[in-house]
Amino acid sequence: MIARRAFLAGLAAVSLPRMGWADIGSPAFLAAGKTASGFVLHGLTGDGESLFSVPLPARGHAAAGHPHQAIAVAFARRPGTYGLVIDCASGAILHQLEPPQGRQFNGHGVFSADGALLMTSEVVSEGSAGRIGLWETDTYRRVAEWDSGGIGPHDIKRLPGGRIVVANGGIQTDPADRTKLNLATMRPNLTLLSSKGEVLDRAELPTELRQNSIRHLALLPGKIAFAMQWEGDAAQPVPLLGLWAPGKGAVLCPPDDAFAFAMKGYAGSIAATQDGKRIALTSAPGGVVMLFDEMGHQTACHTRADLSGVAAIGGSFVVTDGSGTTWQVQEEGLALLSRHTLAWDNHLVGLGPA
């Protein structure tokens, strides 16, 4: 009898309307981390305080927040095979996504504006050809897939009208150990896809910079900011920020050489304020957060060990580091917001407008 009651209660819970983000305190960010006992996903306020924490089965990379419901999909560190659909109100795992045979998730995903569709970045295990997986969100059943337009897609963002932009990193990796197999011939690109998966536009880098893997994206009004990771000669200072307005060529934004070297060839996360006036890049290897204006001119550079995730809130930015600290970032410097007993991972995902 007890089991029957529990079963009926479970059915009732499934049938109830899902809570929205406001119902659980209006978290501003999602962030994965590692504690002494394992891996977790947190929902954070704009001040870096935790509103909820959900265990993860292995190291997380990024998460996608549903636009209306208090639902997050947490993705494994790339390449990985778990995608967990989490009810952030209860902590329950609603679904576990599994890519088709011979596919691997590649760290990121995004919901459609109405929340009816989840799109995931994926690779074909052998060869790293890019795919965008499509999942309907009533039952999180896979319904289709698109060609991503390149090799090794990583971050994806939704644009107005249902279009998406894909950061195709260009790197072919060994499916077992992530060994990079094609550094001499890699060709990263940005691909713009229609709401039906058709290629609308594509931007590539100059030949001499084709070893600059395009990894992460941020949206500005009318254009896309992209962060890169350099796979070439470490003695060569290269731009790690670019701007692309579809229909035009990509514009690279080099800082002074000294600041380029400070990033150690690695831009880990990127964010832009909603008005598009300010852009932030982090480098965990360099322990750097660098600020730029909307034209890609550097305005500030601050140092702190193992800076990793960054997201915009209002007209400023919040960054996380590997010691569990969150900081507010302005041109003047870093201001402490909160400390947690964990190591924050790569990304801080904003839950505001896409």
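Me: In this predicted model, in which sense do E2 and strand E3 (residues 50-56) pair, and over how many bridges?

Reply: E2 and E3 are antiparallel partners, and six bridges link them.

Me: How many bridges join strand E1 (residues 29-35) to E2?

Reply: Seven bridges join E1 and E2, and these strands also run antiparallel. The hairpin from E1 to E2 passes through two residues.

Me: Is strand E2 (residues 38-44) largely enclosed or open?

Reply: A general point comes first: side chains in a regular strand alternate between the two faces of the sheet. As for E2, five of its seven residues are buried, so the strand is largely enclosed by the rest of the structure.

Me: How many helices and strands does the protein chain hold?

Reply: The chain has two helices and 28 strands. Its radius of gyration is 20 Å, close to the 20 Å that the globule rule gives for 354 residues, so the chain is as compact as a globular protein of that length. Along the principal axes, its C-alpha atoms fill a box of roughly 70 × 45 × 40 Å.

Me: What share of the residues is buried, and what is the accessible surface?

Reply: Of the 354 residues, 52% are buried. The accessible surface comes to about 14900 Å², and carbon and sulfur atoms account for 53% of that area.

Me: What share of the contacts joins residues at least 24 apart in sequence?

Reply: Among contacts between residues at least 6 apart, the share is 47%.

Me: How far apart are the mean positions of the positive and negative charges?

Reply: The mean positions of the 28 positive and 31 negative charges are 4 Å apart.

Me: Where is Glu331, and what is its relative accessible area?

Reply: Glu331 sits in the loop between strand E26 (325-330) and strand E27 (333-339). Its relative accessible area is 28%, and Glu331 is therefore partly exposed.

Me: Which residues is Glu331 in contact with, leaving aside its neighbours within four places in sequence?

Reply: Those residues are Arg278, Leu291, Thr299, Ala300 and His302. As for Cys301, it is 30 residues from Glu331 in sequence, with a C-alpha to C-alpha distance of 7.8 Å.

Key. Residues are numbered from 1 along each chain as its sequence is written. This is a predicted model: local features need pLDDT of at least 70, side-chain atom pairs count only at pLDDT 80 or more; totals for chains, interfaces and linings use all residues. Side-chain values use heavy atoms; hydrogens and water are left out. Helices (H or I, at least four residues) and strands (E, at least two) are DSSP runs, numbered from the N terminus. The radius of gyration is taken over C-alpha atoms; the globule rule is 2.2 Å times the number of residues to the power 0.38. Buried means under 20% relative accessible area, exposed over 50%, partly exposed in between (1.4 Å probe, protein chains only). Contact means heavy atoms within 4.5 Å. Accessible areas come from the Shrake-Rupley method with a 1.4 Å probe; for residues, only the protein chains shown count as cover. Lys and Arg count as positive and Asp and Glu as negative; His and the chain ends are not counted. The place of a charge is taken as NZ of Lys, CZ of Arg, CG of Asp or CD of Glu. Two strands pair if DSSP finds at least two bridges between them.
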